[in-house]
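Dear colleague,

Please find the sequence and structure below, for your files. My notes on selected features follow, and I would be grateful if you read them alongside the coordinates.

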Amino acid sequence: MERAIIGREKEKMELKKYISSEQSEFVAIYGRRRVGKTFLVKELLEGRFTFRMTGKEKTNLSDQLLNFSYALEDFFHDDQRPKSWTEAFRMLSKNIERLGDGTKIIFIDELPWLDTPKSRFLGALEHFWNDWAYYRSDIKLIVCGSATSWMLKKLINARGGLHNRVTHKMLVSPFCLEETEQYFQSKGFNYERPEIIDCYMAVGGVAYYLSLFSRDKSVAENINDLCFTRGGELTDEFNKLYDSLFKKAENHVAVINALSNSRKGMTRLELISKTKLSNNGNLTTLLKELETCEFIRSYQPFGKEKKNKMFQLTDQFSLFYLHFMKSGGSYGKNYWMQIIGKPEYIAWSGYAFETVCLHHVEQIVSALGISGAYYSPCSWNYRPSEAVINDTDADNDLKRGGQIDLLIDRNDKTISVCEMKYSSGEYEITKAYANHVDERLRTFKKVTNTKKSFSIVYVTPFGLYNNMYARKVNKQVTADDLFKKS
């Protein structure tokens, strides 16, 4: 019987489709540590596994094979002890062949950990699939792993015998705001949506992180306990996170550190200058891995060529850790509650809320009523050259420079210009800020030569304070909109 699973509607539908297909399937599930990959498979398919095992972290070939043999004994009462992976997979196939008709679901969790040095694991897995499972119609091989660099390089994008053998790949992402709310409600929490946004800004929608929250404490109290107390569950999570996902994670962390100091993001060349990494294929792979795991996003600035592609850090927990937790050990009692409202908190919360919005662009588009049209989310940044600044005849708008963090470029001759503003109540647009927005739009229009109309959108948790400047805004998007289904 299928158990209750929060969210994951698309993933559940796809897995059910693969399990019920009339051919053998090789499904590779990947995603960041603690996101809920194993939970999804286990809860959806519990009681239906023909064979299931989990690789052991940082152990040798002998221990992995012993672990495999214990699973054989549990599922088939077969007490043989394989001496190699080739023997192990042959024992598995022979036991399955003795079974009657029906779907055979094989689940191997933490697959990358089985590939120990000199184990020849990949060759044995390749032979098991290519020479046996592929030629049947009843085998559903589901493999899972947090070591994303291994999953991508050795399995999903393999160039050897497993090239194009994975029939389906599935990325399990953190929860969106709607799913985060559903999770808290299912556990008996009484958090309101603004408080859930505060939670999401700090730790994102990672299921395990949310599971550490206590329902008798506020979001701020939970964050303080988990992140800013000695022995807090998340105090050492940052390094474990990247080490578990990537081989030679120090280079990935160097990129994350560099991007954390640039709100708009950085170009490839700017990243190379900051990190001193080499400009080669390894950097291309590294950036692709970080983007695949949804730690960063790449985007094409409005009106710019491909070579100007920007990379921006969008992982909530990494941003939070690098802004507040990295120093470690110097926090006083109730540190997080005391910092709320201070300048460093205000600066971070603005950036963090923008990142939340970037994770929910589809919800923003739906709230604007344009989800049926073609649109392209992007950003824009302009810095005038010294020549323009010093040119006495140059247009004053072109001398100013400007930045817009979210533009929704639409095919109806309109650009939705999104102002994303975090506040603990209704956001008040002042005369000065309204003038600032007008100046940026004039600069944007002159720099890009766009002929499209502008639709001014404010995305805020509580909406806008009703004054003369708010009444000139074309559309407001609130917290309730961000929590709707995309």
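**Helix 3 and its ends**

Just after helix 3, histidine 77 adopts a positive phi of about 55°. Please bear in mind that this is a predicted model. Helix 3 itself covers residues 61-76, 16 residues in total. From its first C-alpha to its last it reaches 22 Å, close to the 22 Å expected at 1.5 Å a residue. At the start of helix 3, a side-chain oxygen of asparagine 60 comes to within 3.3 Å of the backbone nitrogen of serine 62.

The buried residues of helix 3 are Gln64, Leu65, Asn67, Phe68, Ser69, Ala71, Leu72 and Phe76. An α-helix has 3.6 residues a turn, so residues three or four places apart point the same way. The partners against which the buried residues of helix 3 pack are strand 2 (49-54) and helix 4 (85-97).

**The second largest pocket**

The second largest pocket holds about 1,400 Å³ of space. Its lining comprises 44 residues, of which Ser173, Pro174, Cys176, Glu294 and His359 are the closest to its centre. By class, this lining has 17 nonpolar, twelve polar and 15 charged residues.

Elements that each supply at least two residues of the lining include strand 5 (168-171), helix 7 (177-186), helix 8 (193-203), strand 7 (296-299) and strand 9 (375-382). Helix 1 provides the largest share, four residues.

**Two buried residues**

Threonine 292 belongs to helix 14 (residues 281-292). With a relative accessible area of 19%, threonine 292 counts as buried, because the limit is under 20%. A polar atom of its side chain lies 2.7 Å from the backbone oxygen of lysine 288. Not counting residues up to four places away in sequence, threonine 292 touches Tyr30, Leu152 and Leu171.

Tyrosine 469 lies in the loop between strand 12 (453-459) and strand 13 (475-477). Tyrosine 469 is likewise buried, with a relative accessible area of 19%. Which residues does tyrosine 469 contact, leaving aside its neighbours within four places in sequence? They are Ile429, Thr430, Lys431 and Ala434.

With kind regards

Terms used
Residues numbered from 1 in each chain as written. Predicted model: local features only at pLDDT ≥ 70, side-chain atom pairs only at ≥ 80, totals over all residues. Heavy atoms only, no water. 1 Å grid on protein atoms, 1.4 Å probe; cavity = no way out; pocket = protein on both sides within 12 Å on 5 of 7 lines; lining within 4 Å. Points joined across faces, edges and corners; volume = space filled by probe spheres on them. Nonpolar A, V, L, I, M, F, W, Y, C, P; charged D, E, K, R; others polar. Expected span 1.5 Å × (residues − 1). Buried < 20%, exposed > 50% of the residue type's maximum accessible area, 1.4 Å probe, protein only. Contact = heavy atoms within 4.5 Å. Polar contact = N/O pair within 3.5 Å; in protein donor to acceptor, adjacent residues only side chain to side chain.
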